[in-house]
Amino acid sequence: MGNSVLWIRNDFRFHDNTALISAINDIKDNENLIFIYHLDPELIKIETTSYAYFFSSLNSYYESCLKKGLDIYFLYGEILTCFDTLLNEFSNIDKIYYNIIECGYGKSQEQKLNRFLKRKNVEVFSFYDHHLHSANKVLKEDNSHYKVFTHYYNKWMGSKKPEEQNIDYAKLSEIILSDFSKKDPIGKEKFIELRNLLNNDFSMFIGEENARECLADFMNAKLCSYNENREYPFLDGTSHLSHYLTTGQLSVREVFNAATMMPSSLGKEIFIKELAWRDFYNMIYYFHPNQHNEEIIEKYRCINWEYDEGNFIKWKSGLTGFPIIDAAMRQLSEEGWMHNRLRMITASFLIKDLLIDWRLGEKYFSEMLIDYDIASNIGGWQWAASVGTDAVPYFRIFNPITQSKKYDPEGKFIKRYVKELEDIPTQYIHEPFKFKKQLEENYGIDIKKLYVSPIVDHKTQRQKALEMFNI
Ligand SMILES: Cc1cc2nc3c(=O)[nH]c(=O)nc-3n(C[C@H](O)[C@H](O)[C@H](O)COP(=O)(O)OP(=O)(O)OC[C@H]3O[C@@H](n4cnc5c(N)ncnc54)[C@H](O)[C@@H]3O)c2cc1C
């Protein structure tokens, strides 16, 4: 009689979890399934918002397991040492199930582990689960990968999507092995230690139930107007599903199916296209594994970036003197989330106004975003820097004032996060320093006492950026 292991990764859910459901279906009478989670010291950064959210999602999953009478066996340390210990602790393990991470560190750990398990005669069952289409699935006729999103999207739309699968809870509770009382407690101790260090409260945005509620709310109340509202940060027009998707608290197939079942609308069409962007960036990262430190477009690999530490700190703290940038950066530090339009504007500002290397911005977002996903984040940053794939139009420099007027015309979003500008009349909200005389004479407001002056002049910096990129 053998035991099987389910290696939990970024897939903190029961419903439509491909590896879990396959393990349950395969298991024979008298066999057990052991849930394990590997706490990797390389990845633990509890002080960052992104990891704190990820860890809280793990903790929430652990608690929902306990409610179902299931326990998780935690491993802590270098991956092969951990799995070696696991195989010694439970001598009859002969199968392991997990969902694949296609890129980056997750992929390299997986490859290392697979070689080790082969030597130990443990059979590996791994599954594509995290995306609607895995990186190798949507390719050109000659099997090369797409570089332009529109062409990728057309093929993606025409490709059959995988089915959503239900879990057999009755069978799960029969086969799960939960008595770890006599086993090495080091992993569990580490898990509890980390849990005690958590000081963020994400309880409203965590767990399969909240995720499903958020999905239903979006489908019923926002999908049909998504095309109109999604660009405006002052409206609550987008799904807020990204953090559930990156941590696997919600299956992307469930999201896709929920959307396809809704009546036809432009909102539905555009929303589904956004899910294709998620797959697209995963595919791009897969084919460009050095993308985290190397520009896809070769001629931009030697740019002479400027670095002004003071300006970088002001950008991070929301103290640039550009109200829309400051509001967005404060939203990020307060909530760990930022609207997509604002991610584009703040990224462009860091790169093309402050002339700071996009990698520094990418790193900052990676620490701050609760929905941090390496492929989408690098994809977004390289797009904003015009150094990645699909840079259309070819070289874009956002004007923060024009963007502010267009996407937050009445300054509602700005006033929500930049409290010191609450009383500034709408017509001056986008660039209050330009109107300091009018503010003083007509309203008795001394803007210099209220708010910081702009740290750069956009027109001058725009010219410098063009020169820096040799355009
Ligand atoms: C500089 C920059 C950095 C970004 N970093 C991340 C990141 O780390 N993690 C992340 O999930 N998204 C990232 N994005 C993409 C996008 O901003 C977020 O997915 C979106 O804002 C999440 O909010 P939502 O769930 O309400 O999105 P919605 O508008 O409701 O979109 C639905 C889903 O589609 C996917 N999606 C939407 N837009 C994109 C996109 N441009 N690229 C990839 N997937 C997309 C997300 O999974 C999202 O949940 C980044 C974009 C930029 C410009």
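Helix H10 (242-246), helix H12 (266-287), helix H15 (340-353) and helix H17 (374-384) each supply at least two residues of the shell around the ligand, where helices are DSSP runs of H or I with at least four residues, strands are runs of E with at least two, and both are numbered from the N terminus. H12 gives the most, with six residues. The model is predicted, so that local features need pLDDT of at least 70 and side-chain atom pairs pLDDT 80 or more, while totals for chains, interfaces and linings use all residues. Residues are numbered from 1 along each chain as its sequence is written, and side-chain values use heavy atoms, with hydrogens and water left out.

Among the 27 residues around the ligand, Tyr226, Thr238, Ser239, His240 and Asn340 come nearest, a residue being near if one of its heavy atoms lies within 4 Å. A backbone N or O atom of His240 lies 2.7 Å from a ligand oxygen atom, and a polar side-chain atom of Asn377 lies 3.0 Å from a ligand nitrogen atom. The protein buries 95% of the 820 Å² that the ligand exposes when taken alone, as computed by the Shrake-Rupley method with a 1.4 Å probe.

Elsewhere, Asn32 lies in strand S2 (residues 32-39) and counts as buried because its relative accessibility is 19%, buried meaning under 20% relative accessible area with a 1.4 Å probe and protein chains only. Leaving aside neighbours within four places in sequence, Asn32 is in contact (heavy atoms within 4.5 Å) with Gly2, Asn3, Ser4, Ile27, Ile175 and Leu177.

Terms used
A polar contact is a pair of N or O atoms within 3.5 Å; within protein, one must be able to donate a hydrogen and the other to accept it, and residues adjacent in sequence count only if both atoms are side-chain atoms. Buried means under 20% relative accessible area, exposed over 50%, partly exposed in between (1.4 Å probe, protein chains only).
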